[in-house]
Structures are given as C-alpha cells and as structure tokens.
Amino acid sequence: MKTTKSHDKNAQEEEWQEFAYAYIDSGWFDDDRTRTLDAMRTLCERMPKEAKDELPPGIIVFAPSSNVYGEAKPLYTPEGPERHDHFIYLAPRLERRPQESVDATVAHEFAHVLLGHGEVVDPDDPLKQEREADLLIQKWGYAPTNSCGWMKTGKRPPRRVATP
C-alpha cells in the first residue's frame with residue numbers, strides 16, 4: 001500500500017514539474033506571485049490528464065509582479081520562439097483575492113484556451129464563452145468565477161458614473 005501512495009505522489013510531482021516547466025518557468029511568471037503559483041498547482045492537480053493533453057503548445061502565462069512597473073523580456077517558452085496563439089494574463093491584483101478565487105480564475109482562463117475561445121464574441125449572447133468556461137471548470141471541481149451572478153442573467157452590472 002505504501003508503494004502505491006509513494007508512486008502516486010511521485011507521479012503527481014512529475015506531472016507538476018512538467019506543468020510548471022511549460023507554464024511557469026518561461027520567465028513570464030514572477031516569483032512573488034505565491035497565490036497565483038498555488039492556483040497553478042491546484043489546476044495541475046484538478047485538470048484531467050485528457051484536458052492537459054489537449055492544451056495547445058506555446059501558451060504563455062503572464063503573471064507579472066506588482067513591484068515592477070515595466071519589464072521587457074525576450075519571447076521564450078520551452079517550445080521555442082515561434083508564434084504563440086494563446087496568452088494568459090493573470091493580474092497582480094489576484095494576489096489580494098481569496099485563494100479559491102485565484103484558483104478559479106486561473107482554471108477559468110485555461111478553460112478558455114481548451115475551449116478554443118478567442119476574441120470573437122456572439123453578439124446575441126456576449127457572455128456565452130464566459131458561461132462555457134465556468135461550466136468546464138465546475139467539472140474540474142471549481143466554483144464558477146462569476147461571483148456576482150450577472151453572467152447567469154446575461155446582464156452586466158450597471159456602470160458607475162463618476163460625478164465631479
């Protein structure tokens with residue numbers, strides 16, 4: 001029984017190392033993003049292997065430090081400098097959110113990639129892609145990212161207008 005647990009733990013760690021190499025060790029993910037890093041590890045554990053295998057190569061996960069105002073980096077990923085079709089931006093302010101929210105946000109963005117979502121939005125249902133991504137991450141064990149409920153109704157919250 002111990003051998004199986006040890007083997008499972010080793011396999012899980014190996015899977016994490018491969019995931020980290022592909023999405024974190026590219027130079028686009030800053031060290032001070034501890035909650036975001038934890039969310040990436042949680043995603044690696046929860047996302048089914050079949051889904052990981054379907055992720056296209058060359059996804060750039062950009063998780064910049066909130067301590068850096070600007071930074072220029074060469075375009076490098078383990079796959080090489082060729083064109084990349086997917087760029088996932090994870091804002092520094094995620095670090096101020098509860099861990100469950102960070103976890104769900106990271107998973108949600110990866111779900112968009114897996115679902116082939118792009119910038120083209122259905123004018124009749126502009127929130128369709130967001131709902132589809134949330135439905136997928138629910139299958140992975142996450143709560144949907146739509147914490148305020150406006151996606152379910154299809155209506156955006158009212159805009160606040162600044163008054164002088």
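**Salt bridges and ring contacts in a predicted model**

Q: Which side chains do Arg-41 and Glu-13 bring together, and how far apart are N and O?
A: In this predicted model, the side chains of Arg-41 and Glu-13 meet in a salt bridge, with 2.6 Å from N to O.

Q: Where do those two lie in the fold?
A: Arg-41 belongs to helix H2 and Glu-13 to helix H1, so the pair ties together parts that are 28 residues apart in sequence. Arg-41 is partly exposed, its relative accessible area being 30%, and Glu-13 is likewise partly exposed, at 32%.

Q: How many salt bridges turn up in the whole structure?
A: A search of the whole structure finds six. One of them joins Arg-33 to Glu-95, where the closest N and O atoms are 3.3 Å apart. Arg-33 lies in the loop between H1 and H2, while Glu-95 lies in the loop between strand E2 (86-89) and helix H4 (99-114), so this pair ties together parts that are 62 residues apart in sequence.

Q: Are Arg-33 and Glu-95 buried or exposed?
A: Both Arg-33 and Glu-95 are buried.

Q: And what about Asp-53 and Lys-49, where do they lie?
A: Both are in helix H3 (residues 49-54), four residues apart, which is about one turn of the helix, and their side chains meet in a salt bridge at 3.3 Å, N to O. Asp-53 is exposed, with a relative accessible area of 54%, whereas Lys-49 is partly exposed at 49%.

Q: Which residues do salt bridges with shared partners join into a network?
A: Glu-13, Arg-41 and Glu-45 are joined into one network in that way.

Q: Changing topic, how many aromatic pairs are there?
A: The search of the whole structure finds eight aromatic pairs. In one of these, the ring centres of Trp-28 and Phe-62 are 5.4 Å apart and the planes stand at 80°, so the pair is edge-to-face. Trp-28 lies in the loop between helix H1 (2-23) and helix H2 (34-46) and Phe-62 in strand E1 (residues 59-62), so the contact ties together parts 34 residues apart in sequence.

Q: Why does Trp-28 count as buried?
A: Its relative accessibility is 14%, and buried means under 20%; Phe-62, with a relative accessible area of 22%, is partly exposed.

Q: Which rings form a cluster?
A: Ring pairs link Trp-16, Phe-19, Tyr-23 and Phe-110 into a cluster.

Q: What sits over the ring of Tyr-142?
A: The charged end of Arg-46 does, 4.5 Å from the ring centre.

Technical notes: Residues numbered from 1 in each chain as written. Predicted model: local features only at pLDDT ≥ 70, side-chain atom pairs only at ≥ 80, totals over all residues. Heavy atoms only, no water. Phe/Tyr/Trp six-rings, centres within 6.5 Å; stacked < 30°, edge-to-face > 60°. Buried < 20%, exposed > 50% of the residue type's maximum accessible area, 1.4 Å probe, protein only. Lys NZ or Arg CZ within 6 Å of the ring centre and 35° of its normal. Salt bridge = Lys/Arg side-chain N within 4 Å of Asp/Glu carboxyl O.
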